[in-house]
Amino acid sequence: MIFAAGLGVRLYPLTANKPKALVEYQGKTLLEHVLLKVINAGIQHIVINVHHFGEQIIDFINQRHFNARIEISDEREELLETAGGLKFAEHFFKECDKILLYNVDVISSIDLRKMINVESRKHSIATHLATLAVRHRQTNRYFLFEEPELRLCGWENTKTNEKKICYEAEETTPLAFSGIHIVDKRILDFIPKNEKMSFTPLYLELAKNHIIRGYLHNEDTWKDMGKLDEFKI
């Protein structure tokens, strides 16, 4: 699932008359960058959620051919954030066990096939609910992971000094979330219907009693294209 429903406030004025997903970078829209990446990773069923200028994204998909089955989760009536958006799209995922989630404003060289294979090989469906792509980078907000297995145990905001601990761990590492994650379909059972909810509070609550793991990808390039500065030469 590609999250493309954001308002694109940080990209204004580029988003004054178009959704963030259709802002161009290096000759392609952000949406096309992500679509090609996930399709090249072998994913053939893709759901895209829409809200802000959603009809433009629908037209974009209808006017182009991508080698995948693409469906639209229409949130134009109400924006439900990321976890809420996944729950709203639940009916699209009846035939799968795991779901790759990808923010449309992320441009990265991460090897999705490797992440999927490592995630599937190391951890069985019975042991964990999600795997989060994370890396060492400068930011204000970090997930905290217990070493050496990189199990999520907390979160902190270094700017406000706010900290949330899921459980006490002897040795922890702060890592920044990359906006790419793989979730077991069972996670849908923990998300309330028709409620706005992001993944951060959901993961922190679930981590108290379930395993949420990190997937470290320091060797890859990564850009947050939700920031206007990334489009400046």
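User: What makes strand β13 (residues 212-216) count as mostly covered?

Analyst: In this predicted model, four of the five residues of strand β13 are buried. A residue is called buried when its relative accessible area is under 20%.

User: How do you know that β8 and β13 are paired, and how do they run?

Analyst: Strand β8 (residues 130-135) is joined to β13 by five bridges. A pairing requires at least two bridges, so the two strands count as paired. They run parallel. One of the links involves Leu-132, whose bridge partner in β13 is Gly-214.

User: Why is the pair of Tyr-25 and Phe-231 called edge-to-face?

Analyst: The structure holds six aromatic pairs, including this one. The ring centres of Tyr-25 and Phe-231 are 6.0 Å apart, and rings pair when their centres lie within 6.5 Å. The planes stand at 85°; an angle over 60 degrees counts as edge-to-face, so the name applies.

User: Why is this pair said to tie together parts of the chain?

Analyst: Tyr-25 belongs to strand β2 (residues 24-25), while Phe-231 is in the segment after β14 (222-224). These parts are 206 residues apart in sequence, so the pair ties them together.

User: Is Tyr-25 buried or exposed, and how do you know?

Analyst: Tyr-25 has a relative accessibility of 12%. The limit for buried is under 20%, so Tyr-25 counts as buried.

User: What makes the pair of Phe-143 and Phe-177 edge-to-face?

Analyst: The planes of the two rings meet at 70°, and their centres are 6.0 Å apart. The angle is over 60 degrees and the distance is within 6.5 Å, so the rings form an edge-to-face pair. This pair also links distant parts of the chain: Phe-143 is in strand β9 (residues 141-146) and Phe-177 is in strand β12 (residues 172-184), 34 residues apart.

User: Which residues form an aromatic cluster?

Analyst: Phe-3, Phe-199 and Tyr-203 form one aromatic cluster.

User: How do you know that the charge of Lys-164 sits over a ring?

Analyst: The charged end of Lys-164 is 5.5 Å from the centre of the ring of Trp-155 and sits over that ring. The distance limit is within 6 Å. Arg-137 likewise lies over the face of Trp-222, at 4.0 Å from the ring centre.

User: Where is Thr-15, and why is it called buried?

Analyst: Thr-15 is in the loop between β1 (2-3) and β2. Its relative accessible area is 4%, which is under 20%, so Thr-15 is buried.

User: What lies around Thr-15?

Analyst: Beyond its neighbours within four places in sequence, Thr-15 is in contact with Leu-7, Gly-8, Lys-20, Val-23, His-52 and Phe-53. The backbone oxygen of Gly-8 is 2.8 Å from a polar atom of the Thr-15 side chain. A polar contact has its atoms within 3.5 Å, and this distance meets that limit.

User: Are Asn-161 and Asn-194 buried or exposed?

Analyst: Asn-161 has a relative accessible area of 68% and Asn-194 a relative accessibility of 60%. Exposed means over 50%, so both residues are exposed.

Note on methods. Residues numbered from 1 in each chain as written. Predicted model: local features only at pLDDT ≥ 70, side-chain atom pairs only at ≥ 80, totals over all residues. Heavy atoms only, no water. Phe/Tyr/Trp six-rings, centres within 6.5 Å; stacked < 30°, edge-to-face > 60°. Buried < 20%, exposed > 50% of the residue type's maximum accessible area, 1.4 Å probe, protein only. Lys NZ or Arg CZ within 6 Å of the ring centre and 35° of its normal. Polar contact = N/O pair within 3.5 Å; in protein donor to acceptor, adjacent residues only side chain to side chain. Contact = heavy atoms within 4.5 Å.
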